[in-house]
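Visitor: Could you guide me through this model with a few questions and answers?

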Amino acid sequence: MHQLSLDIFDTPTVEPDEDQAGGAAQEPIDLLSYGTYIVAFSGGKDSVGCVLNLIESGVPRERIELWHHEVDGREGSHLMDWPCTAAYCQAFADTFRLPIFFSWRIGGFEREMLREGTPTAPVRFELPGGEVRQVGGERGAPGTRRRFPQLSGSLTTRWCSAYLKIDVMAAAIRNQERLRGQRVLVVTGERAEESTCRANYASFEPHRTDKRESPTLARHIDHYRPVHGWSEQQVWDILARWRINPHPAYRMGWGRVSCAGCIFGGDDQWSSVRVVNPAQFGQIAHHEQAFGCTIRRARTTVGHAADHGTPYPTITPALVAEALDPRWNEPIFLPPGVPWMLPAGAFGDHAGPM
Ligand code: SF4
């Protein structure tokens, strides 16, 4: 458990900023009316902003829980994730005294990508008390992928988000009795500014797992995107206000943080992955070669991309060591006297989901 360097629970609540409301007219949200708030917490700035916004809006912290989906799973694959991310998320939760529950598809991204005449693997998720429950994977049809998710706004073609995050969360909600018979708010950090596709998301709507009409389940689940209408500046502003130490990937120059080897990486990002984690880069390049199908189908291999890019100049050995360490060694709140500064990746390379 990290020591609190400021008393977060004395933070004055603020009225929601009208400028931060989503675009189109939505059903008004009664934000304080939910029994449980589930924040999809990647450790990236937008998910951090969601947590801080809930607290600033007066949501009782004892009703907030963080859910982190481990893209590589927990069975030994290290293809896509930043090694430090799970520990960063755990440290954030500890610092804010929030529970965090990890979930993943068995074998993660790599197993799903390597399917060859096999069904999609089951999902595992943590429960309060520490038990890990496994669901699914028994009735799925055999299928073959043997290619990376393809760059697309479609979640069917770009299967990673659906199979490794969205479906994992849905399975964990549907299979937890404790979430029945109450109002639950799922909170995610997509922003309209990021892409045309994301601009079309509603800022508030029933969640895909909602079963409020079911007399047996009575599972009222809404989906809220509190930062949907925010600019990137507003997101950094809330991190600055709370003096949050951003994930080291931002400090090295990444503009978005989820997978280190995100399929949306541009030339400079691939060049930077190759410098920061050559083993990870090598695995991705190896798979591309074995499939005979690259991530950027029309645009050659990640090796070609890396050759044409330039590593971020703000990559330092100390930041690399922090990013590749599966333990988290820094404070979440910057210590007094240490100025909060915009990380090098802010407003920079925004390669990421459409
Ligand atoms: S960060 Fe990129 S590679 Fe990872 S799940 Fe999201 S879209 Fe896929």
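Guide: Let us begin with a definition: a residue is called buried when its relative accessible area is under 20%, exposed when that area is over 50%, and partly exposed in between. Please keep in mind that this is a predicted model.

Visitor: Is Ala 218 buried, exposed or partly exposed?

Guide: Ala 218 is found in the loop between β9 (204–206) and β10 (219–224), and its phi is near 45 degrees, a positive value in a residue other than glycine. The relative accessible area of Ala 218 is 30%, and because values between 20% and 50% fall in the middle class, Ala 218 counts as partly exposed.

Visitor: Into which class does Arg 146 fall by its relative accessibility?

Guide: Arg 146 lies in the loop between β7 (143–144) and α4, and although it is not a glycine, it has a positive phi of about 45 degrees. With a relative accessibility of 27%, which is again between the two cut-offs of 20% and 50%, Arg 146 counts as partly exposed.

Visitor: At which residue does helix α4 bend?

Guide: Helix α4 covers residues 159–174, and its buried residues include Trp 159, Cys 160, Leu 164 and Val 168. The helix bends by about 35 degrees, and the residue at which it does so is Asp 167.

Visitor: How many residues of the shell around the ligand are charged?

Guide: There are ten residues around the ligand, and among those that come nearest are Cys 160, Lys 165 and Ser 258. When the residues of this shell are divided by type, seven are nonpolar and two are polar, and the number that are charged is one.

Definitions and conventions: Residues are numbered from 1 along each chain as its sequence is written. This is a predicted model: local features need pLDDT of at least 70, side-chain atom pairs count only at pLDDT 80 or more; totals for chains, interfaces and linings use all residues. Side-chain values use heavy atoms; hydrogens and water are left out. A residue is near a molecule or strand if one of its heavy atoms lies within 4 Å of it. Ala, Val, Leu, Ile, Met, Phe, Trp, Tyr, Cys and Pro count as nonpolar, Asp, Glu, Lys and Arg as charged, and the others, Gly among them, as polar. The bend at a residue is the angle between axes fitted to the seven residues ending there and the seven starting there. Helices (H or I, at least four residues) and strands (E, at least two) are DSSP runs, numbered from the N terminus. Buried means under 20% relative accessible area, exposed over 50%, partly exposed in between (1.4 Å probe, protein chains only).
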